[in-house]
Every structure is written in structure tokens, then in C-alpha cells.
Amino acid sequence: MGKIKFRLSVMNFMEFAVWGAYLTCMGNYLGKVGMGAEISWFYAIQGIVSIFMPTIMGIVADKYVQPQLLLGLCHLVAGLAMVALFFIGENAAYPDKFHFISVYTLSVAFYMPTLALSNTTAFSILKANGLDTIKDFPPIRVLGTVGFIVAMWLVNCAAIDASGFHFTLDENSAKFQYTHLQFLVSGLLSLLLFLYCLTLPQCPIEKKSSRSWTETLGLDAFRLFKIRKMALFFIFSMLLGMSLQITNGYATPFITSFKGIPEMADTFGANNATMLVSLSQVAEALSILMIPFFLRRYGIKVVMLISMMAWVLRFGFFGIGDPSFPGVILFVLSCLVYGVAFDFFNVSGGLYVDNECPPEMRASGQGLFMLMTNGLGATIGTLSAGAIINRYCSWTADGYLIGDWQTCWFIFSGYALVVCVLFAIVFHPDKKQTSK
């Protein structure tokens, strides 16, 4: 049984390493090649494809292709597209925007469904081997966060220049975090995971009773909006979901921008933004362990309010910090509260939906929660944040996004605070159900 858990841990490690190789540092590269104004669209595309691609691939996995094989095939397409992005960047200092965005869209369209397919594969294999998913899956999933962090550290430190391939924490414009080589790392990891998936135990397709297309697509979950507390919960999930991708898209360009300020150009943080931001993922892994205690002790409303206040601090600390000492402490604090901001919202929200939905609608309820947060919320939030940042900041010839960042972060922080106050006023869950 230990071998099964180890193999699934390796799968999760690679699954999230693929994402970590470029998700938080892509903005630095885009700014240097003339696509800085489109950063928000690159992250919004992830939300747009998340509205329909996971559902489509879920139907395929339910009826036609075993999930572990479909997981591999999706990574094959996503990986080839990422490698193609590398070659586009290799052959053009300023790639054609339409061509580059099209290939990127193809990659994320097939990567985003793998987040659910990897869970489906793990659950199926664990159950087939008589293991307890509730007990045995969390340690496996934590390895995914570890993979994300390791990939971030790799692209942060790896560089290829006149002295060859090497690792460095010093200033070096050839670091992968600034170049198209981050896409090559992601693509190769994705192709490696494709091969690995071919060796995983089979997950036989279960024969299920026929369902209507409405049920198959999860559209019946919209009936939950007839329940006032659920409608409010989903609406606020969308509003808070607008904060999810802002720092993924703009934290590293923001921190790196301090290299354009002479007195801060040589600071560790300014030259290792990706590694500094990786503290957010470390905090995320630790925060997962606190959720059961807080949910049982305080209930969903307090937990969600804690998450919302953490978002206020996440953005606020960025607004008043800088990479020099002692300002860098505020950056570190921003990264540490991210774990609470992200996990107390995403994980606790998923548990609340599972607890409140009728058994026959739990799966579609989770789909609706993801649609409202990572789909609509993240897409609207990322595009809105991009418009605000493009209003107050601009890219320099050296590839730094310089401007009134403090105003931007305070706008985001103020927005999160307004959502928090409104949620506290209007959302009143059933205490006996949310304090289990």
C-alpha cells in the first residue's frame, strides 16, 4: 500500500510542478517581450477555460477514457504546447501576440482539467486498493504543493548564459524566471508526467445510470440559488474569487520592479522574486492542517471572514513593503497570510458546499463553486486588476513595471475589506450545521 501512495505522491508532485514552473513568474517574461499590457488576459484565460474544459473532460473520463490515461493525454497536449511556446520565444525576441496567446490558450485549456483528473485518478486508485481517501489523500496532495515550490525555486535560480548552465541567487537577466525557458521546464515536466501516467494502475470506467444532459453538465446545481444562504455563499465566492489570481499574475513583476530603483536593485528580494513568492505556497501547505480545527471551533462564517481579512492583509502588506530591510518583512508577512487567504476560502468553501448540498447534487455543487470562484470570479478579477495596474503603472525599456503600485495594492485591499464587511452583515448560515 505504501508503494501506491508513493506513486500517487509522485504524480501530484509533477502535476503541480508543471504549473509552478511558470504561473507566478510568467509576468516578468511577458513584460520584457512587449506583452506586459496583456498579462491580465494570460491569467484570465485560465479562468475562461476552467468554465467548460473540466466539465468536458469529466464527461470523457466518466464514459469513454480511463481517467489516468486521459490525464496523461491532456498533459501530452499541454506539454507540447508549452514546448512550442519555448521555441516561439527562442526564435523571436518579440513574439507575435496572437500566435503566442493562441498556443498558450491551447496549453492551459488541456492543463486546467488535469487538476480535477489527477484527483479522480488518485481517489479511484486509493479506493481500488482499500485505502481511505479522507485519511490517505491529504498527505499525497501536500506533495503537489511541494512540487509547485520546487519548480518555482528551480526557475528562480537556474540560468543559462556565457558561463553555461548554472544556479544563482545573484542578479542575472538570464535566469529562467525572466525568460522563455520557464515554458520549456513546464513542457518537459508535462511530457514526463504523460509517460508516467501510462504506468499507473488502471481506473476502470464505472457504469452509471443514464442522466440528462442537464445533470451531466452539472447545470442542475443552479437550483441551489433558490436557497438564500447558498445563493449568498456562491455570490460572495465569486466576489472573493476575484482576488485569487491577482498576485499570481502581478506579485513577481511588482517585486522585480524594484530592480529599477538604484538603491534597491541589488536586494535579495528584487532579484529572487519567484523564490520570495514561493513562501506563499509554503504557508498554503501549513494552513491546510489548521482548517479542520477552525471549522469545528468557529464555523464557516468565521473561517470565511478570516480568509477575507487575510486577503486585505495580503494586498496591504505589498502596498507598504519593499525588498530592503525592514520593508522585506512585510513582503514575507504578505506571503505567510496568503496560506490562510487561499486555503481557508477554497478548502473550507468546498467542505461547506459538500455539507450543505443534497447527496445527489454534491458533485455538481462543487462544480458550481469552482465555476463561481476559479471561473467567473478569477476571470473578472484578473481583467479588472490588469486595467487598474495598466492605469497606474507602465513597462520601462528595461522590462520593469514601474508606477504607483501602492495605490493599486490599496485598491485591491480596500475591495477585499468591503467584501468582508458585506459578508459579515448579510451571510447568516445555520450554526448547527456549520460548526461541526
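Which residues does His75 touch, not counting residues up to four places away in sequence?

**Entry 1: ground rules.** I am working with a predicted model, where local features need pLDDT of at least 70, side-chain atom pairs count only at pLDDT 80 or more, and totals for chains, interfaces and linings use all residues. Residues are numbered from 1 along each chain as its sequence is written, and side-chain values use heavy atoms, with hydrogens and water left out.

**Entry 2: His75.** I found His75 in helix α4, residues 67–91. Helices here are DSSP runs of H or I with at least four residues, strands are runs of E with at least two, and both are numbered from the N terminus. To my opening question: His75 touches Glu15, Val18, Tyr111, Thr114, Ser190, Leu191, Leu193 and Phe194. A contact means heavy atoms within 4.5 Å. I also looked up the accessibility of His75, and its relative accessible area is 0%, so the residue is buried. Buried means under 20% relative accessible area, exposed over 50%, and partly exposed in between, with a 1.4 Å probe and protein chains only.

**Entry 3: Gly36.** Next I went to the loop between α2 (26–32) and α3 (39–63), where Gly36 sits. Gly36 counts as buried because its relative accessibility is 4%. Beyond its neighbours within four places in sequence, I see Gly36 in contact with Leu30, Gly31, Asn390 and Trp395. I also checked Tyr400: it is 364 residues from Gly36 in sequence, but their C-alpha atoms are 9.5 Å apart in space.

**Entry 4: a hairpin.** I then looked at β1 (residues 158–161) and β2 (residues 164–167), which pair in the antiparallel sense over four bridges. Strands pair if DSSP finds at least two bridges between them. Two residues lie between β1 and β2 in this hairpin.

**Entry 5: the whole chain.** I count 18 helices and four strands in the chain. The radius of gyration is 21 Å, close to the 22 Å from the globule rule for 436 residues, so the chain is as compact as a globular protein of that length. That radius is taken over C-alpha atoms, and the rule is 2.2 Å times the number of residues to the power 0.38. The C-alpha trace spans about 65 × 50 × 40 Å along its principal axes. Buried residues make up 56% of the 436. Of the contacts with a separation of 6 or more, 77% join residues 24 or more positions apart.
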